[in-house]
Amino acid sequence: MADQLLRFIPQTRGVRGAIVRLEQSWRTVVERHALPAPVRDRLGELSAAALLLSASLKFEGKLIVQIHGDGPVALLVVESDALGGYRATAKLRDANGIVADASLADLVNRNGRGRFVVTLDPGREHPDKPPYQGIVPFEGDTVAEGLEAYMLRSEQVPTRLWLAADAQYASGMMLQRLPDNRDADTDRDWEHIQILADTLRRPEMLQVDNETLLHRLFWQSPMRLLDQHACHFRCTCSRGKVATMLQMLGRGEVDEVLAERGLVEIHCEYCNAYYRFDAHQCESLWTPEEPGSKARC
Ligand SMILES: [Zn+2]
């Protein structure tokens, strides 16, 4: 079954893992953006990785993983939550400068100034907790290598990721070495489980479902399955949020756009929704709400 994330642990101590395979939800992302294949595939890998990292955190808010690029790709970004919801988008600087076999480094680290930014946003339910942000320079040549470096440097959690994506599927597996239980036996187990997982190849990851893949890799020492949850495309934009954003922008700027274009139009880069406000709807942004009435829009 696709669009599922499965968490597992080996029989031995000190390691945990998760595997995810995205199908329909990933196609929803793909059809909303006309991206060159190398950019699309890296965004799919980043989506799988963000969901895997979200599932490993005891955290209810949003995880936002960004790769800021200094090459033909300016930004890859995925927002995900621990319940399997995610949205993803990319910003290109120069689509013509992208060759078919471009590596991630070619796309985002052409001048050595690419960086990974990971943000944990507790959300509006926890106004007392500010967002936490970690930033590391771009390292390695793949999404997996970049995030492995981030997890080690910023979180001190040894993490390995195997990721693959095309126009149809995005898949990933993550293994993490837990901070407790450090001894020679668990060191050996950690090495062994990585050697088995390193036999994973892209075509297999794209074509085979989670449980079959786990069985093929670890049949000699089967994994204990912890839990499974569905993953889905979820854009958090809404007309109400756009109205709040326009109110924060202020009447002066909104009126300026209205005078120039006769309409204020806001585009969501994640889901391609357009929110349009005519003069009358803009005017209602500045009208105080009736006590007890619902939010406008
Ligand atoms: Zn949206």
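This is a predicted model: local features need pLDDT of at least 70, side-chain atom pairs count only at pLDDT 80 or more; totals for chains, interfaces and linings use all residues.
Guide: The second largest pocket holds about 310 Å³ of space.

Visitor: Which residues lie nearest the centre of the second largest pocket, and what makes a residue count as lining?

Guide: Nearest the centre are E45, T142, A144, L163 and A164, out of 19 lining residues. A residue counts as lining because it has an atom within 4 Å of a point of the pocket. Two or more lining residues come from each of α2 (37–56), α4 (143–155), β8 (159–165) and α6 (202–207). By class, the lining comprises 10 nonpolar, two polar and seven charged residues.

Visitor: Why is the contact between E139 and R153 called a salt bridge?

Guide: The closest N and O atoms of E139 and R153 are 2.6 Å apart. The cut-off is 4 Å between a side-chain nitrogen of Lys or Arg and a carboxyl oxygen of Asp or Glu, so the pair qualifies as a salt bridge. E139 sits in the loop between β7 (132–137) and α4, R153 in helix α4, and 14 residues separate them.

Visitor: Why are E139 and R153 called partly exposed?

Guide: Partly exposed covers the range between the buried limit, under 20%, and the exposed limit, over 50%. E139 has 30% relative accessibility, so it is partly exposed. R153, at 48%, therefore belongs to the partly exposed class as well.

Visitor: How do you know that the side chains of R87 and E79 meet in a salt bridge?

Guide: The N to O distance between R87 and E79 is 3.0 Å, and the cut-off is 4 Å, so the pair counts as a salt bridge. Both R87 and E79 are buried.

Visitor: Where is R87 in relation to the centre of the largest pocket?

Guide: The largest pocket holds about 920 Å³. R87 is one of the residues closest to its centre, together with K62, R124, T236 and K241. Helix α8 supplies the largest share of the lining, four residues.

Visitor: How many salt bridges does the whole structure hold?

Guide: A search of the whole structure finds 18. R40, D41 and R202 are linked in a network of salt bridges.

Definitions and conventions:
Residues are numbered from 1 along each chain as its sequence is written. Side-chain values use heavy atoms; hydrogens and water are left out. On a 1 Å grid over the protein atoms alone, a cavity is a set of points where a 1.4 Å probe fits but cannot get out, and a pocket is an open set with protein on both sides within 12 Å along at least five of seven lines; lining residues have an atom within 4 Å of a point. Grid points are joined across faces, edges and corners, and a volume is the space filled by probe spheres set on the points. Ala, Val, Leu, Ile, Met, Phe, Trp, Tyr, Cys and Pro count as nonpolar, Asp, Glu, Lys and Arg as charged, and the others, Gly among them, as polar. Buried means under 20% relative accessible area, exposed over 50%, partly exposed in between (1.4 Å probe, protein chains only).
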